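I opened my notebook to record what I looked up in this structure, entry by entry. The model goes in first, and my notes follow.

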Amino acid sequence: MVIQLNPEPEEQEEQVLADFPDDEELVITRVERLKKSNYRYLIHFGAYSMTVHEDIMIKYRMITGSTFVKADLEDIVAADERQRAYVEGLRYLERKPRTTQEMARRLREKEIGETVISEVLLRLQSERLLDDPLYARQWAEQRMTYQRKGKMWIRQELREKGIDPSLIAETLEEITPEQELESALQTGRKKWNLLRGDAADKRRKTGAYLMRRGFSGEQVRRVLGILREEEDSGPDEEEMYFPD
């Protein structure tokens, strides 16, 4: 099997400018906005043409009558690739936060070169638009508090999202045993109360349910002990008050 890597900027420059002459000045004869591609323009140099993002066009003053040589255009193609990747990254962040690995995977799917991906990841990180430590903390809190998932479940999810193992460990250490117990107890109590049957059957089914949600064996045993005590200490039928 042949693995084909995404082309690097130099290769992309060669592909875009393959037909451009090396030894003559190139004058822009027309600038045309592409209808089906927001913020991209088709730049004509007589018989030759290339597309660039609007920001790059403005930055390099690519207007009718401006003159360039091929070396200039190679720099522009590289800058345009970086801008394209950055815009793609911003678009990917519109709906929800992403991890660094998720962003890198997305940019590779868009056939962006590895060098450019590295540059864009650094830019997004410097702008705090990519923040794996913050992402991990918020994800763990949301899963523990609202989804009622245990540490093992959260650890596996963060691994799948490409969070560094040391960062995962640090994040999970911030969750106290008491917090996890409370989450497991609320989840277990709800499951226990929905079940019918004897205590042994309820214990077995509730324990399996909590384990599937990523709670540790120790936490599950503690929860089952509390639930059994709650049921045993419930009011006897004779002690219950029935109004006249």
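Predicted model: local features only at pLDDT ≥ 70, side-chain atom pairs only at ≥ 80, totals over all residues.

I started with charges over rings, where I count a charge as sitting over a ring if NZ of Lys or CZ of Arg is within 6 Å of the ring centre and within 35 degrees of the ring normal. I found that Arg98 lies over the face of Tyr92, at 3.8 Å from the ring centre, and that Arg123 lies over the face of Tyr86, at 3.4 Å from the ring centre.

Residues are numbered from 1 along each chain as its sequence is written, and side-chain values use heavy atoms, with hydrogens and water left out.

**Aromatic pairs**

I next looked up ring pairs, taking rings of Phe, Tyr and Trp (its six-membered ring) as paired if their centres lie within 6.5 Å, with planes under 30 degrees apart counted as stacked, over 60 as edge-to-face and the rest as tilted. By this rule the count comes to 4 aromatic pairs. One of them joins Phe20 and Phe45, which are edge-to-face at 5.9 Å centre to centre, with 70 degrees between the planes. Phe20 lies in the loop between α1 (9–16) and β1 (26–27) and Phe45 in strand β3 (residues 40–45), so this pair ties together parts that are 25 residues apart in sequence.

Are Phe20 and Phe45 buried or exposed? I call a residue buried under 20% relative accessible area, exposed over 50% and partly exposed in between (1.4 Å probe, protein chains only), and both Phe20 and Phe45 are buried. Tyr135 and Trp139 make another pair, stacked at 5.8 Å centre to centre with 10 degrees between the planes. Both of these residues lie in helix α6 (residues 132–145), 4 residues apart, about one turn of the helix, and both Tyr135 and Trp139 are buried. I also noted one aromatic cluster, formed by Phe20, Phe45, Tyr48 and Phe68.

**Lys70**

I found Lys70 in helix α3 (residues 70–92), and at 12% relative accessibility Lys70 counts as buried. With contact meaning heavy atoms within 4.5 Å, and leaving out residues up to four places away in sequence, Lys70 touches Leu17, Ala18, Phe20, Pro21, Asp22 and Leu26.

**Helix α11**

How many residues does helix α11 have? I read off 16 residues (217–232), reaching 22 Å from the first C-alpha to the last, close to the 22 Å expected at 1.5 Å a residue; the expected span is 1.5 Å times one less than the number of residues. The buried residues of α11 are Gln219, Val220, Val223, Leu224 and Leu227. They cover an arc of only 130 degrees around the axis, which puts them on the same side of α11; the arc is that of the directions from the helix axis to the C-beta atoms. On the other side of α11, Glu218, Arg221, Glu229 and Asp232 are exposed. What covers the buried residues of α11 includes α9 (177–194) and α10 (199–212). I checked Asp232 separately, and its relative accessibility is 52%.

**Helix α8**

I then turned to helix α8 (residues 165–173), whose buried residues are Leu167, Ile168, Thr171 and Leu172. Seen down the axis of α8, these fall within an arc of 130 degrees, so they line one face of the helix. On the other side of α8, Ser166 and Glu173 are exposed, while the buried residues pack against α6 and α7 (151–160).

**Positive phi**

Most residues other than glycine have a negative phi. I noted Glu111, which has a positive phi of about 60 degrees although it is not a glycine, in the loop between α4 (100–109) and α5 (114–126). Arg128 also has a positive phi of about 60 degrees, and its place is in the loop between α5 and α6. Glu111 is exposed at 54% relative accessibility, and Arg128 is exposed with a relative accessible area of 59%.

Terms used. Helix = DSSP H or I, 4+ residues; strand = E, 2+ residues; numbered from the N terminus.
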